[in-house]
Amino acid sequence: MRLSGRKASRFTRSWAPSQRIVLFTLVGLNAAAFIIQLALTSWNRDFVLEYLGLSDRGISQAYAWQFFTAPLLYHNIWHFAGNILVLYFIGRDVEAIIGQRQFLFLYLFGAFSGELGHLFLMPSDCILFAAGGGVAAIFAAYATILPELEITTLLLFMVPVRMKIRRLAQIALVLAIALLLFDRNGSVGHSAFLGGALAGWFYAHLLGFGRISRLQRAVCQRRSEAARIRSLSANQFVAEEIDPLLEKISRRGLASLSRRERRLLEQARQKMLSEKGAVA
């Protein structure tokens, strides 16, 4: 269908929506893994708990594959259904915004961060089914990218409520912290949420979304300061940066200089040597 009466040029590229290859691959992989998990659980549940779920015992016995099998495990059918719904309906928007490659990195980063969060926050006898970590990263990244977006959600799975996505993310974070405090025994799936959500928030900021954090502001200031220093000649550098340091040394001594001020002295020496070499 054309919106104008003009004929399409033979050089015009036909528009088509993104194929969402990564998204459908992740959905299919998780669905297949869940079916395999159900079959293995019906055969021998202890095998899944001891060898596939992430645990301190497995790490102590060098079961390194648990870091790759645990992100494919779900605690129950509701855990699976909720994660798949979030992965598809929110993941399709996130993938369209950041691209397929970054979407895959985001999911993997969230999955492994969720595992690390579990190891730091939960007891040593707790076993993690970590499929929620990657989905939590996608959800947190979505709330960071589009915080003011309003969506309709079901309160207690019955009452439709309209709220902003950042508010929904805050509620989910509070619930995750509550579960971390009260559900700390046996096999769990919720403890991957906190680490995965933190990874999603951080990754979205690395891609330039969300409010500028203090870390980003410090990095930008440091880069701009380094660019300003590089643009100065040796004489300008000495006049603006080194002369005040020399006065400070004369008043308080060399030991009063901070590490940054000592680096400035070294940069001044390098600038003078480089300019002498250029003149020669």
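Helix 7 (132-145), helix 8 (165-182) and helix 9 (192-206) each put at least two residues into the lining of the second largest pocket. Helices here are DSSP runs of H or I with at least four residues, numbered from the N terminus. Helix 9 gives the most to this lining, with 6 residues. What you're looking at is a predicted model, where local features need pLDDT of at least 70, side-chain atom pairs count only at pLDDT 80 or more, and totals for chains, interfaces and linings use all residues. Residues are numbered from 1 along each chain as its sequence is written, and side-chain values use heavy atoms, with hydrogens and water left out.

So what's a pocket? On a 1 Å grid over the protein atoms alone, a pocket is an open set of points with protein on both sides within 12 Å along at least five of seven lines, while a cavity is a set of points where a 1.4 Å probe fits but cannot get out; lining residues have an atom within 4 Å of a point.

## Inside the pocket

The second largest pocket has a volume of about 520 Å³, a volume being the space filled by probe spheres set on the grid points, which are joined across faces, edges and corners. Its lining has 18 residues, and Ala-140, Ala-143, Thr-144, Ala-169 and Trp-201 lie nearest the centre.

Sorted by class, that lining has 11 nonpolar, 4 polar and 3 charged residues. Nonpolar covers Ala, Val, Leu, Ile, Met, Phe, Trp, Tyr, Cys and Pro; charged covers Asp, Glu, Lys and Arg; the others, Gly among them, are polar.

Helix 7 and helix 9 are the elements that give two or more residues to the lining. Helix 9 gives the most here, with 3 residues. By class, the cavity lining has 8 nonpolar, 1 polar and no charged residues.

## Helix 9 meets helix 6

The axes of helix 6 (residues 100-121) and helix 9 come within 6 Å and cross at roughly 140 degrees. That makes helix 6 oblique to helix 9.

Gln-102, Phe-105, Leu-106, Phe-109, Gly-110, Ser-113, Gly-114 and Leu-121 in helix 6 meet Ala-192, Leu-194, Gly-195, Gly-196, Ala-199, Gly-200, Phe-202 and Tyr-203 in helix 9. The residues of this contact (heavy atoms within 4.5 Å) split into 9 nonpolar, 7 polar and no charged.

Conventions
Axes fitted to C-alpha atoms, helices over the stretch in contact; angles between N-to-C directions. Parallel < 35°, antiparallel > 145°, perpendicular 65-115°, else oblique.
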